[in-house]
Amino acid sequence: MQSKKNKKLTKEISKLQNSIRYHHKYSVGKLWENASQNDLLNAVSLAVRERMIDGMLETEKRYHKDSVKRLYYFSMEYLMGRSLGNNLYNLKMFDTCKEALMGMGIDLEELLEVECDAALGNGGLGRLAACFLDSLATLDMPGFGYGINYEFGLFKQQINNGYQKEKPDKWFGEESPWLIDSPEDSCIIPIYGKIEHAKDRKGDYNPMWMDWKLMVGVPHDMPIVGYGGRTVNYLRLFSARSSDEFDMQIFNEGDYLKAVEEKVSSETISKVLYPADTVKPGKELRLVQEYFLVACSIRDIIRRYLKNHDSFDNFSKKVSIQLNDTHPAITVAELMRVLIDEKDLSWEKAWAITQATIGCTNHTLMPEALEKWSVSLLGYVLPRHLQIIYEINRRFLHGVAVRFPNDPDRLRRMSIIEECNSNQVRMAYLSIIGSHSVNGVSTLHSELLKTSLVPDFYEYWPERFNNKTNGVSPRRWLNNSNRLLSELLKKTIGESWITNLYKLKELENFAEDALFQEEFLAIKKKNKERLANLIFDTCKVKIDTDSIFDIQAKRIHEYKRQLLNVMCIIYQYLRFVEDKKMLTVPRTYIFAGKAAPEYFMAKLIIKLINSVGAVINNDKRISDHMKVVFIPDYRVSLAEKIIPGADLSEQISTAGMEASGTGNMKFAMNGALTIGTLDGANIEIMEEVGTENIYIFGLKVEDIFQMKGSYNPFDLYNKNPTVKRVMDAINSNMFCKNEPGLFKPIYEKILYEGDLYFHLADLQSYINTQEKVSIDYLSSSVWVKKAILNVARTGKFSSDRTVSEYARDIWGITSIY
């Protein structure tokens, strides 16, 4: 039996080696002896892609045979990260590939580091979308992503003298071995133009969208393989192209250069992820991008549907569309436009189909983050869509007025059109009105959505609102990125947890097992050593692997409160060097994350982190006890190295500001303890792991609400010596001797602009809780038990659970195998 198994493995290895050599010669076009690492990466990826394409075609045959309902996930962001390692693991051929390459003199681990991240997103929103696609395929569900094939993803972050500098990050999307071109499915999209008010032969109003320009969306499919390789779905990414014909009027008038300029301009649509929208051209481009994604996707979905149907009677029974936040909200107007203008459906029928087809997810609790477009800009770019939105609004407000007569304030609050100096279209409202389901992404967030953000809509349609707590893929974030821990888990409780994370519960039986604890701690130490080596290579800072690795890795934003973390560090530093108070245990504070290029305060906080680090790391009095490092260019592949090495996970957002968070789940799943506020999914993590295995501090949501309007940070500054000491240090030149006054804007914003994110109100509680962390860390047996129980009790936070709930409650799709 063993001999047959070995023969089969040998045959698979030989087949893979032949495929790699074939693609290196005929796809890459190089002689073997001239192979670069990038050439080899492409050849290996193409060889692996062969297996995925076979699976994708088989999957499609299965779906077609059963005439299944399909889910289409619309997202402006997908943070896919690197693909080769993830695909090998999901295909269960990582070891086979490693052995095959070893026989060819190639180190797979080195090759994996050559691949660049597909950074088609800027944070949790995009990574969540990627995890959902992984879960859909693993659960054998017919679910597909739609996005934009940005040429330049999120910027590459460099740290220069402590300052963030942005560099272009070209991921070579159209040259990626993971993308399959499908030019035959290209979509032609109208944009701009004007509305001519006409009547049809019956005398009914028949608006005509005239003088539009054309864009072309060319699709590229990225296969998404589920664990075990049974199901391979895809993410369809559109690249923008100009139409084949130039604007003939311009051309005929002799202005050839202008015609070429028009062509180049249309191709910039998919050039860059999220252009800066602080100026009008940036705002226009961002709106055009959102419409481009939506229009291409709708056209593609309808094309596929009409292959097997001759009417739209069953459209919502075969198609479900989920909007990932408000960015694709124009879907509501575009689907209506196509059904009415192009497919000649009545308004009533088109509206019933639209609402039954679309569901929307909200990802923010901050009103200022809810997307709005000026009526003038929307009317200029999409005149027909604006007309449809006004009609949707008119009919909706009529219904509200019937149910709530004599309530003009309610009509004003619920109107899609916000009447102000420059009338705005509230895209979140359009999403809610045009959907059959509206969900939040944590229990707390969903409640605040109903009671605080859009209470009028909840009162009007309570049945539409529901919660779907976020989750993360255990394949990517545990099995693949923490291989040492993964192997220990497999040895201890088997492999079933990879597709059923609740099985980790069995680890509770080993939480106090001395041998298991020893192995668990040894793995954590190795992961910390790997991270320490990475930090030395990138930051040139040597750190102590016996210290607490206290990590805050996420987008830099004031509400996420990296500043609160720095305040505590400053406090500990001053206590050590001025008061001669030793740290209870050595600490290494590790930060990573990007700030939006135009976000002044977030970028100044990055500079403060680096400046505080420079002072502490070079102060011989404390440098053996504390280090502060900022790892540049945070991305998926870097997170995969950082998270397994964490002892403490910082999830310290202002209560009521973080919708959910997913980093908190990844850290806990990898055996880090959480220090955090009762915000987002932290609450549910606490409920799952137990209050004794998490460190909660600070104000609650209800405290924040009560304090708004009366909170005065100056009172705390004057009454609390710790607060005053830390703020005075920031305001001084202690951390900016070469740039006096550099951090004064932080001091002034906190004290003179009301401390909007309650840093000072939570500082003392945070400091006290950090001391409790240190005391617990001193006892290895106490700490490791807590860490093991965190891993054991994270079953709820698999994206498989989240996707199953969406499928059951919103999408109406099932596993097909």
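Start with Arg621, which is partly exposed at 49% relative accessibility (buried means under 20% relative accessible area, exposed over 50%, partly exposed in between, with a 1.4 Å probe and protein chains only). Its side chain meets that of Asp619 in a salt bridge, 2.8 Å from N to O (a side-chain nitrogen of Lys or Arg within 4 Å of a carboxyl oxygen of Asp or Glu). Asp619 is buried, at 10%.

A quick note before moving on: this is a predicted model, where local features need pLDDT of at least 70 and side-chain atom pairs count only at pLDDT 80 or more, while totals for chains, interfaces and linings use all residues. Residues are numbered from 1 along each chain as its sequence is written, and side-chain values use heavy atoms, leaving out hydrogens and water.

Next, select Asp550 and Arg587, whose side chains form a salt bridge at 2.9 Å, N to O. Asp550 sits in strand E20 and Arg587 in strand E21, so the pair ties together parts 37 residues apart in sequence (strands are DSSP runs of E, at least two residues, and helices runs of H or I, at least four, numbered from the N terminus). Asp550 is buried at 0% relative accessible area, and Arg587 is buried at 1%.

Now jump to Arg127 in helix H6. Which side chain of opposite charge is nearest to Arg127? Glu640, 6.3 Å away; Arg127 is buried yet has no salt bridge (Lys and Arg count as positive, Asp and Glu as negative; His and the chain ends are not counted).
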